[in-house]
Amino acid sequence: MLTYIIRRVLIIVPMAIGISFLIYLALDLSPGDAVTRMLNPVQTVDPERIEELRRALGLDAPLLVRYWIWFSGVLQGNFGRTLTGGVPISRILMERLPATLELSTIALVLSSIFGAILGTISALRRGTTTDNVLTVAGMIGVSIPEFFFGLVAIVIFALNLQWLPVGGRLLPSYDSYWDHIPNLIMPSLVLSIMMTAGVMRYARAAMLDALSREFIKTARSKGLPEWRVNLLHGFRVALTPVVVLIGFRLPILIGGSVIVEQVFQWPGLGNLFVLSVRNKDLPTVMTIALLSVVLVLVVSLVIDILTAIIDPRVRLGGD
Amino acid sequence: MALSDIVSRRTRLDRQFDQLRRLEEAGKLKPASGSRVVRKFLNNRLAVIGLVVFTLILLASIFAPLLTPWDPTKINLRAINQSPSWEHWFGTDKTGRDVFARVLYGGRISILVGLGSALISALIGVIIGCYAGYVGGWLDAIVMRISEAIMAFPEIILVLVLVTILGQSLFNIMAIFIVGGWCGIYRLVRAQMLSLREEEYVQSLRSFGLNRALISFKHMLPNALGPVMVNITLSTAAFILQEAGLSFLGLGVPLSMPTWGNILNVAQDLTVLRNSWYLWLPVGIFISLFVLSVNFIGDGLRDATDPTAQG
């Protein structure tokens, strides 16, 4: 088990470092550096003073040294400052993080529950009308652009029925944290819809696979009631790949929240990312990209370890 | 639910099978002709519906000048913000451009971006995957690391990072999609090649002294084409959705060019959303229908080419 974990870590750590180097290269090659950003564009400064400042900050060092300075800063949570406004990037990230976490956790939980249940039903009723309807509904779910889905939801529930607010999160008029629950409903549901369809497909295939195994026949031949066979023997085994799917969904979740946050003006990281891309604020864009890559890699590592714990075949079967 | 229920439950496939058996007993069954893949595909109702819708929308975009007299980019200040009428089927936008014409002409670019990027990434992925997968060695190791690095990025993050660096243009958007898109097909073809490499017919070709490129491209590749075709359709759908999303954010193809996403861009305005449904609802339905039809085709292709994936 320990060798398995070490082997996985040895694959992932060099990759994260390699990607961080690429990201640093992109930052380094872009016009301007920390000094030009500090200067007041109106004032003219003695070029010698600029050179001095560069040397003091270590900007004249070779590329690898500069990378190391940047990288050790990143490890301590120092990502530099934004191009627009010059605020420390780590500070805005922390401001935005709760909003995104809130939205994605709810979407992750909802899509796991709905997807697993619908997929299992679909598999148990394989080939029937229920299965066909669910399959087609899943296809429709992944085919509608999520922002279009969000727009339709806004028109129906916010503009016409006026049940829910159009967007935003913690509005100034709110007294307590719980007042923003209505704001949360539409974005989180829209974000879960697309992922539910994916989980459903996967859960259905996993359940069908599990149901065709020998141990299901054994369980049936022991005379166990059908629900016990399906739930305790089939569903449990089918659940492993569904857990794995959480890892696969993370990139979808990040991508989905970028667009959904924009539609509902949700002040999270996705919203910040789009704003930074629009302003060509490369340091912020790259920091968010780096963090999302690291997050994806770490989660995939955790998922790999979890599946190895659940399913011994994984850790013993070589790669 | 007892076991007997499961066995006795009749599905459409069962009924089809009974029908076939009746025909066979009556001696009316003709021997099957044509490609088995084509027959299986045509037997899949959803795939056929998908193919019909796909063809209709594709033809409507290609022959847009025959279907609408309006120019999608021509500003007409005498006809701004009109509701749908016989003259303007989907109304006109705030600069008087005919929305129906924009949807048809926009389809050209959206489909070009989706299908074009998918085909080019497939071409790149197949060539590299085929050769690297068969030959292995350092070339394969390097390409594998590159693809892993690219795939570690969530798709939209990578796309937007590249948009920030390269800027927005039709060419850039397609290039960016291809940079993110070839890895999937490369890995798929590579995996196929690795499993085919040990087949006996490959070993015998090798012992005949055929060169590696000939073996991998001419003799092994055709056996891996099924999943590649499925992957092309599915990535076409994905790219069209991505283009729409990007343009909706205003970060995709430049706004001066009509694409489905760019037409939807106006829907960020709440008054448009509330008052002018015809500006965004029909386009949204067009995108959804087109992507749905491509997904149906992809699913049908998968069932037709890969019997093990059929659920």
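Buried residues make up 44% of the 319 residues in chain A; buried means under 20% relative accessible area, with a 1.4 Å probe and protein chains only. This is a predicted model, where local features need pLDDT of at least 70, side-chain atom pairs count only at pLDDT 80 or more, and totals for chains, interfaces and linings use all residues. Residues are numbered from 1 along each chain as its sequence is written, chains are lettered from A and ligands numbered from 1 in the order written, and side-chain values use heavy atoms, without hydrogens and water.

Surface next. Chain A exposes about 16500 Å², by the Shrake-Rupley method with a 1.4 Å probe. Carbon and sulfur atoms supply 68% of that area.

Now the fold. Chain A has 13 helices and zero strands. Helices here are DSSP runs of H or I, at least four residues, and strands are runs of E, at least two, numbered from the N terminus. Take the contacts in chain A between residues at least 6 apart in sequence: 71% join residues at least 24 apart. Contact means heavy atoms within 4.5 Å.

On to the helix pair. Helix α6 of chain A, residues 129-143, packs with helix α15 of chain B, residues 277-305. The angle is about 130°, and the axes are 9 Å apart. Axes are lines fitted to C-alpha atoms over the stretch in contact, and angles run from 0 to 180 degrees between N-to-C directions.

Who touches whom? From α6(A), V136(A), M139(A), I140(A), V142(A) and S143(A). From α15(B), S288(B), V291(B), L292(B), N295(B), F296(B) and D299(B).

Conventions:
Buried < 20%, exposed > 50% of the residue type's maximum accessible area, 1.4 Å probe, protein only.
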